[in-house]
Amino acid sequence: MQIAVLTFDGFNELDSFVAAAILNRLRAQGWAAHITSPTEEVTSMNGITIRRQKPLAFATEADAVLIGSGIKTREIAADAELLGQIRLDPARQLIGAQCSGTLLLARLGLIGTLPACTDLTTKPWVIEAGVEVLDTPFVAHGNVATTGGCLASQYLAAWMIARGAGVAAAREAIHYVAPVGEKEETVARALRAVSPFLLAEAEFSDRCG
C-alpha cells in the first residue's frame, strides 16, 4: 500500500507526521506513507521546514491519500490551478482528510452532499462550501473519510489500516503508539470510532494488501 500524505506550506505537524508514523508501522507488509507536496520544501505552521518525499503528482497513482490541515488551507482551496493538479479516484483509492483538509475534499467535489467532520475553526468554511458538519471525530462514506481535531489522526490511520490490512493490524499499530497504561483503552476508543465504517474491508484488502 503506497500512501500519499498531502502536506502543504503552513501544514499542521500533527496531521502529517502522526498519521504517517502510524501507517509506516506496516512497512514489513509493504506499506509506505510518503510526505507529498507541490514544492520541494514546505514549512509548517510552527516554522519547521521539511523536504518532500514525493511530488504532488504521486497522489494520482497512490493506493491511498491523506490530506492534512494547515494555516493556508483556505488559500489552497481558492487556488484552482493547484487543485487541478490533485486528481483522486475514490473508486480506486482510500481517501482521508483531517480538519481543514476536509475543505479541500469539498472543493475537489469528493464529499458532495454527504456529512463530514472537521475542526471547529474550519467548520464555518466547510459549511459555507455546502457540507453538513458532524459533531463527531470521524466519519466515512465508502472509501472517503474525514476527521476533526488534530489527535483524530490516529482514527484516520486506524481506519485506513483496518480497510487495507484488517482490524488486527490496526489494533496492533494503535497499541504500539498508545500511552503506557492506557493501551487497551486507546485501542478500544480508536476501533469504536472507526468500526461502524469498515464495510468492504476485505474487498479492498484483497486488491491492495
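A word first: the model is predicted.

Let's start with helix α8, residues 167-177. Which of its residues are buried? Ala169, Ala170, Ala173 and Ile174. Look at how they sit around the axis. Their arc spans only 125°, so they fall on the same side of α8.

The face pointing away from the buried side has exposed residues: Ala168, Glu172 and Tyr176.

What covers the buried residues of α8? The cover includes α1 (13-23), α7 (153-165) and α9 (183-194). Keep those helix labels in mind.

On to the largest pocket. The space in it is about 240 Å³. The largest share comes from α1, with three residues. Among the lining residues are Val18, Ala21 and Ile22. Leu151, Ser153, Gln154 and Arg189 are also in the lining. And Ile174, a buried residue of α8, is part of this lining too.

What is the lining made of? Eight of its residues are nonpolar, three are polar and one is charged.

Last stop, the second largest pocket. Here the space is about 150 Å³. Which of its 14 lining residues are the closest to the centre? Ser69, Gly70, Ile71, Ser100 and Thr122. This lining divides into five nonpolar, seven polar and two charged residues.

Technical notes: Residues numbered from 1 in each chain as written. Predicted model: local features only at pLDDT ≥ 70, side-chain atom pairs only at ≥ 80, totals over all residues. Heavy atoms only, no water. Buried < 20%, exposed > 50% of the residue type's maximum accessible area, 1.4 Å probe, protein only. Helix = DSSP H or I, 4+ residues; strand = E, 2+ residues; numbered from the N terminus. Arc of directions from axis to C-beta. Contact = heavy atoms within 4.5 Å. 1 Å grid on protein atoms, 1.4 Å probe; cavity = no way out; pocket = protein on both sides within 12 Å on 5 of 7 lines; lining within 4 Å. Points joined across faces, edges and corners; volume = space filled by probe spheres on them. Nonpolar A, V, L, I, M, F, W, Y, C, P; charged D, E, K, R; others polar.
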